[in-house]
Amino acid sequence: MEILYSSTRGNGQKVTASQAILQGLAQDGGLFVPERIPAFDKTLQEMSMLSYQDTAYEVMKLLLTDFTEEELRNCIRNAYDEKFDTEQIVSLVQAKGAYYLELFHGKTIAFKDMALSVLPHLMITAARKNKAENEIVILTATSGDTGKAALAGFADVDGTKIMVFYPKNGVSPVQEKQMVTQKGRNVSVIGIEGNFDDAQSGVKKLFGDQKLAEHMAQKGYQFSSANSINIGRLVPQIVYYVYAYGQLLKEERIAEGQKINIVVPTGNFGNILAAFYAKQMGLPVAKLICASNENKVLVDFMQTGVYDRNREFILTSSPSMDILISSNLERLLYRVCGNDAQKNAQFMDQLKEQGTYCASALLAEIQNDFYGNCASQAECAAKIKNLYEDTGYVIDTHTAVASVVYDKYVEETKDENITLIASTASPFKFTRSVMTAIDQAYEMQEDFALVDALSAISNVSVPEAIEEIRTAPVLHTKVCKKEEMKQMVEEFLNL
Ligand SMILES: *Cc1c(COP(=O)(O)O)cnc(C)c1O
């Protein structure tokens with residue numbers, strides 16, 4: 001059955017999956033959501049026998065219903081190939097009472113590769129299906145990882161251009177080096193003087209700028225998004241939760257139908273929302289555990305029903321989660337308030353105008369599925385050190401947030417369900433924070449010496465993504481104020 005998509009703030013206008021992917025953001029500023037969540041049409045046992053690629057097809061076909069089987073399988077085949085350093089595409093590592101679902105085996109060693117290796121293929125296919133004649137300009141705000149993964153996916157893809165805005169002083173040295181060394185004739189990378197929220201708000205504003213859209217259309221351009229506001233990012237993220245469940249089932253760690261918990265280190269609420277969608281589709285999930293760093297706006301929301309971004313923005317050792325406006329929470333709100341776009345639009349207006357809203361009437365329902373807690377930087381550093389010393393396994397600073405929060409959850413609830421922890425980045429991406437957590441003495445060493453030291457202590461060879469930037473020349477040096485983002489677009493496109 002065909003699934004159509006409507007805006008979380010909208011007038012009921014419906015578009016197909018491919019149109020939603022092509023547009024990125026709805027015209028009224030809302031996010032596209034499926035009008036209903038379909039159920040799996042194969043049993044978990046059946047799916048547990050499938051490869052990652054076949055699992056991807058089984059999940060994506062249910063939500064991207066206007067793509068033909070051939071189109072979808074092509075997109076999947078081109079995405080999940082030797083770009084990943086493991087044949088299974090993801091890995092499951094058991095350490096100290098939990099299973100770490102490693103989602104960082106793609107080209108840029110963060111979980112963003114899971115969706116961004118397939119999104120360009122979905123986008124091009126969607127453009128072809130809808131006979132879009134304009135060149136697509138991917139406009140991206142990044143807290144560090146989306147930027148590089150989107151650049152890697154869209155560089156030199158015909159019919160597209162890509163612009164990435166990142167917070168100049170808000171990403172790790174490796175993240176920045178990865179982005180500013182990006183090659184490609186269709187790419188632009190710009191630092192902004194501001195934080196991720198500034199970058200994301202600026203991008204959303206450009207999306208809503210009708211004059212700019214008209215001007216661009218005259219020159220043969222239209223915007224789309226590679227952020228998790230694009231439904232084409234979320235759908236591929238459902239896949240790995242289903243696949244991981246299947247692996248546990250296949251290895252007889254769980255019985256069919258047995259419920260598991262999923263812990264997700266959260267920023268923009270995309271990854272955990274994908275897990276929520278997986279649950280709605282029929283994955284047996286007990287609790288979705290939302291883990292925040294010191295920017296704990298989501299945790300407060302889940303405990304009180306009040307969302308309040310009026311607080312200090314803290315730069316932490318898990319920069320990809322330094323966010324106060326979690327875009328995808330809007331999709332959850334819309335769903336739990338009974339697909340009520342008007343109600344949701346009210347919340348979003350209040351958020352924009354006052355920086356806060358109160359959804360306490362929805363709290364009980366949200367708490368049914370979700371638990372939220374946070375981890376300080378000191379707790380994360382201690383976690384990295386202890387886990388390494390006890391097991392030899394090294395996790396990154398974002399995964400550490402999830403791991404600390406999981407400990408707190410178990411302590412509080414005594415819940416013994418089997419648990420997956422989403423491991424969202426390779427420790428090599430945050431080497432300095434990881435190594436100094438293990439031993440303060442590493443503080444004195446330079447970045448690439450630390451890379452080699454990490455490789456030695458963890459017994460993991462240095463990922464290709466890091467080798468690449470060791471000697472790569474810096475190609476992008478532009479920095480702008482947040483008010484200048486529009487001008488940067490105009491310059492890049494010669495408008
Ligand atoms: C993006 C990112 C997150 C947060 O994911 P969301 O989908 O934005 O909640 C967590 N960890 C890492 C390493 C990331 O790159």
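I began with helix α3 (residues 52-63) and helix α4 (residues 69-79), which in this predicted model pack at an angle of about 135 degrees with their axes 10 Å apart. I then listed the residues that make the contact, and found Gln 53, Asp 54, Ala 56, Tyr 57, Met 60 and Lys 61 on α3, with Glu 69, Leu 72, Arg 73 and Ile 76 on α4. Sorted by class, the contact of α3 with α4 has 5 nonpolar, 1 polar and 4 charged residues.

Next I looked up helix α17 (residues 377-391) and helix α19 (residues 431-438), whose axes are 8 Å apart and which pack at an angle of about 65 degrees. I noted α17 and α19 as roughly perpendicular to each other, with a right-handed crossing. From α17, Ala 381, Ile 384, Lys 385 and Tyr 388 meet Val 434, Ala 437 and Ile 438 of α19. The residues of this contact between α17 and α19 divide into 6 nonpolar, no polar and 1 charged.

Last I turned to the ligand, which 15 residues surround, the closest being Lys 112, Asp 145, Gly 267, Asn 268 and Thr 424. I checked individual distances, and an N or O atom in the side chain of Lys 112 is 2.6 Å from an oxygen atom of the ligand, while a polar side-chain atom of Asp 145 lies 2.4 Å from a ligand oxygen atom. For Asn 271 I recorded a polar backbone atom 2.8 Å from an oxygen atom of the ligand.

Definitions and conventions. Residues numbered from 1 in each chain as written. Predicted model: local features only at pLDDT ≥ 70, side-chain atom pairs only at ≥ 80, totals over all residues. Heavy atoms only, no water. Axes fitted to C-alpha atoms, helices over the stretch in contact; angles between N-to-C directions. Helix = DSSP H or I, 4+ residues; strand = E, 2+ residues; numbered from the N terminus. Parallel < 35°, antiparallel > 145°, perpendicular 65-115°, else oblique. Left-handed = near helix turned anticlockwise from the far one by under 90°. Contact = heavy atoms within 4.5 Å. Nonpolar A, V, L, I, M, F, W, Y, C, P; charged D, E, K, R; others polar. Near = heavy atom within 4 Å. Polar contact = N/O pair within 3.5 Å; in protein donor to acceptor, adjacent residues only side chain to side chain.
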